[in-house]
Amino acid sequence: MHKIKITLNNEKRLVDIEPHEILLDVLREKLGVKSPKCGCDRGDCGSCSVLLNGKSVRSCLILAVEVDGQEIVTVEGISKDGLSKVQESMIDNNAFQCGFCAPGVIISATELLNNNPHPTREEIKEALSGNLCRCTGYLPILEAVENATKEGNNE
Ligand code: FES
Ligand code: FES
């Protein structure tokens, strides 16, 4: 058993982990953060995405021991003080059906808009290309992200 220290959604957290445990399982099962989901467990679907030091990563592909001392943000952190503009736009545009992909999509869109507040449709598509959605056909998701940028507030 190892103890790691991380900043999770702006809070310092200490957690005991086994060397083989993946970040996704530690977040969900030991730290009570349920937004990252296990869709494939092999890096294909994007539903387990979180921000690691501001960059979107797949938490099913990262060992928890690797993130010792680093900063992780999940959807719980993004919406701590109310819904972000991306989240509001997702609701306004009916961008989800079952919602399983939603946290990963929000993480990818948040990373994109943090770095590029006014992306083109092609840039949005590229940023979300690693997030699989089996329900929506993607168009409402693209429109939601696009509309969030038009409103000029990307928090
Ligand atoms: S569960 Fe990690 S990419 Fe699918
Ligand atoms: S809304 Fe169901 S997987 Fe995307």
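A residue is called buried here when its relative accessible area is under 20%, exposed when that area is over 50%, and partly exposed in between (1.4 Å probe, protein chains only). Helices (H or I, at least four residues) and strands (E, at least two) are DSSP runs, numbered from the N terminus. This is a predicted model, in which local features need pLDDT of at least 70 and side-chain atom pairs count only at pLDDT 80 or more, while totals for chains, interfaces and linings use all residues. Residues are numbered from 1 along each chain as its sequence is written, chains are lettered from A and ligands numbered from 1 in the order in which they are written, and side-chain values use heavy atoms, with hydrogens and water left out.

Let us start with the sheet. Five strands form an open sheet in the order S2-S1-S5-S3-S4, and their pairing is mixed; two strands pair if DSSP finds at least two bridges between them. Strand S2 (11-17) and strand S4 (55-58) are the edge strands, and because each has a single partner strand, one side of each lacks a neighbour in the sheet. From one strand to the next, the twist averages 40 degrees; angles run from 0 to 180 degrees between N-to-C directions, and axes are lines fitted to C-alpha atoms, for helices over the stretch in contact.

Now walk through the pairings. S1 and S2 run antiparallel and are joined by seven bridges, with Ile 4 standing opposite Val 15 in S2. These two strands make a hairpin with two residues between them, and in its turn Asn 9 has a positive phi of about 50 degrees. Asn 10 also sits in the loop between S1 and S2, and its phi is near 75 degrees, again a positive value in a residue other than glycine. Why does Asn 10 count as exposed? Its relative accessibility is 66%, so Asn 10 falls in the exposed class. As background, most residues other than glycine have a negative phi.

S1 meets S5 in the parallel sense through two bridges, and there Leu 8 is opposite Ile 72 in S5. Next come strand S3 (residues 49-52) and strand S5 (residues 71-73), which pair antiparallel over two bridges; Leu 51 faces Val 73 of S5 in this pairing. The loop between S3 and S4 holds Asn 53, another residue other than glycine with a positive phi, near 50 degrees. With a relative accessible area of 45%, Asn 53 is partly exposed.

Which residues of H1 are buried? They are Leu 23, Leu 24, Val 26 and Leu 27, and these buried residues pack against S1, S2, S3 and S5. Just after H1, Gly 32 takes a positive phi of about 70 degrees.

The other helix is H4, which lies across S3, S4 and S5 and runs at about 35 degrees to S3. At 1.5 Å a residue, the 14 residues of H4 (residues 102-115) should span 20 Å, and the end C-alpha atoms are 20 Å apart, in agreement; the expected span is 1.5 Å times one less than the number of residues. Of those 14 residues, 11 are buried, so H4 is largely enclosed by the rest of the structure. Among the buried residues are Pro 103, Ile 106, Ile 107 and Leu 112.

H4 also has a helix partner. H4 and helix H6 (residues 139-150) pack at an angle of about 35 degrees, with their axes 11 Å apart. Val 105, Ala 109 and Leu 113 of H4 make the contact with Ile 141, Val 145, Ala 148 and Thr 149 of H6. By class, six of the contact residues are nonpolar, one is polar and none is charged; Ala, Val, Leu, Ile, Met, Phe, Trp, Tyr, Cys and Pro count as nonpolar, Asp, Glu, Lys and Arg as charged, and the others, Gly among them, as polar.

Finally, look at Glu 123 in helix H5 (residues 121-127). Glu 123 counts as partly exposed, at 36% relative accessibility. Not counting residues up to four places away in sequence, Glu 123 touches Leu 112, Asn 116 and His 118.

Terms used:
Contact = heavy atoms within 4.5 Å.
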